[in-house]
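Welcome! Please take a moment to look over the structure below, and then we will walk through a few of its residues together.

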Amino acid sequence: MAIQRMDNVGIVVEDLAATVAFFIELGMELEGEAQIEGPWADQSVGLAGIRCDIAMMRVPNGPGRLELARYHTPAAIPADPQSPPPNTLGLHRVMFAVDDIADVIARLRPHGAELLGEVARFQDSYLLCYLRGPGGIIVALAQEIG
């Protein structure tokens with residue numbers, strides 16, 4: 001049996017509206033929103049009494065999607081440390097290919113984005129950077145050059 005596709009990446013957030021606005025500014029589209037609760041949710045996730053709001057974000061004209069979730073019950077557990085560095089074990093970033101890295105950084109700064117380092121050149125292939133967005137989410141950007 002083979003995998004059919006990767007459907008989405010899930011990210012638990014504290015402020016759903018701010019995080020949706022951040023990813024819309026990045027260029028994603030809001031596909032839909034829903035409230036998730038009930039026995040099926042509890043069974044599939046392995047938590048009791050789940051009630052959360054989700055927003056499904058999609059890459060325009062592409063297969064990539066993010067599911068942003070804000071838990072009401074049980075309450076979300078903060079990461080330790082609050083803003084883990086990029087070498088922390090586990091999922092720590094989502095990377096996007098962009099047309100103009102400087103423009104994207106400038107548009108995301110009013111939404112709380114902060115560069116973790118600086119924009120770096122990888123050979124004659126890419127400009128790359130990591131930035132931290134709402135709730136400590138690390139977003140990597142790559143601009144093809146040459």
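Does D42 count as buried, partly exposed or exposed? Its relative accessibility is 22%, and buried would require a value under 20%, so D42 counts as partly exposed. Keep in mind as you read that this is a predicted model.

You can find D42 in helix α2, which covers residues 39-45. If we set aside the neighbours within four places in sequence, D42 is in contact with L47, A48, G49 and I50. With I50 there is a detail to look for: the side chain of D42 reaches the backbone nitrogen of I50 at 2.9 Å. L131, by comparison, is 33 Å from D42 in space, C-alpha to C-alpha, and 89 residues from D42 in sequence.

## The aromatic pairs

Now let's turn to the rings. How many aromatic pairs does a search of the whole structure find? There are two. In one of them, the ring centres of F22 and F23 are 5.2 Å apart and the planes meet at 90°, so this pair is edge-to-face. F22 has 0% relative accessibility and therefore counts as buried; F23, also at 0%, counts as buried too.

The other pair joins F23 and F96, with ring centres 6.2 Å apart and planes at 55°, so this pair is tilted. Because F23 sits in helix α1 (residues 16-26) and F96 in strand β5 (residues 93-97), the pair ties together parts that are 73 residues apart in sequence. Both F23 and F96 are buried.

## Putting the rings together

Key. Residues numbered from 1 in each chain as written. Predicted model: local features only at pLDDT ≥ 70, side-chain atom pairs only at ≥ 80, totals over all residues. Heavy atoms only, no water. Helix = DSSP H or I, 4+ residues; strand = E, 2+ residues; numbered from the N terminus. Buried < 20%, exposed > 50% of the residue type's maximum accessible area, 1.4 Å probe, protein only. Contact = heavy atoms within 4.5 Å. Polar contact = N/O pair within 3.5 Å; in protein donor to acceptor, adjacent residues only side chain to side chain. Phe/Tyr/Trp six-rings, centres within 6.5 Å; stacked < 30°, edge-to-face > 60°.
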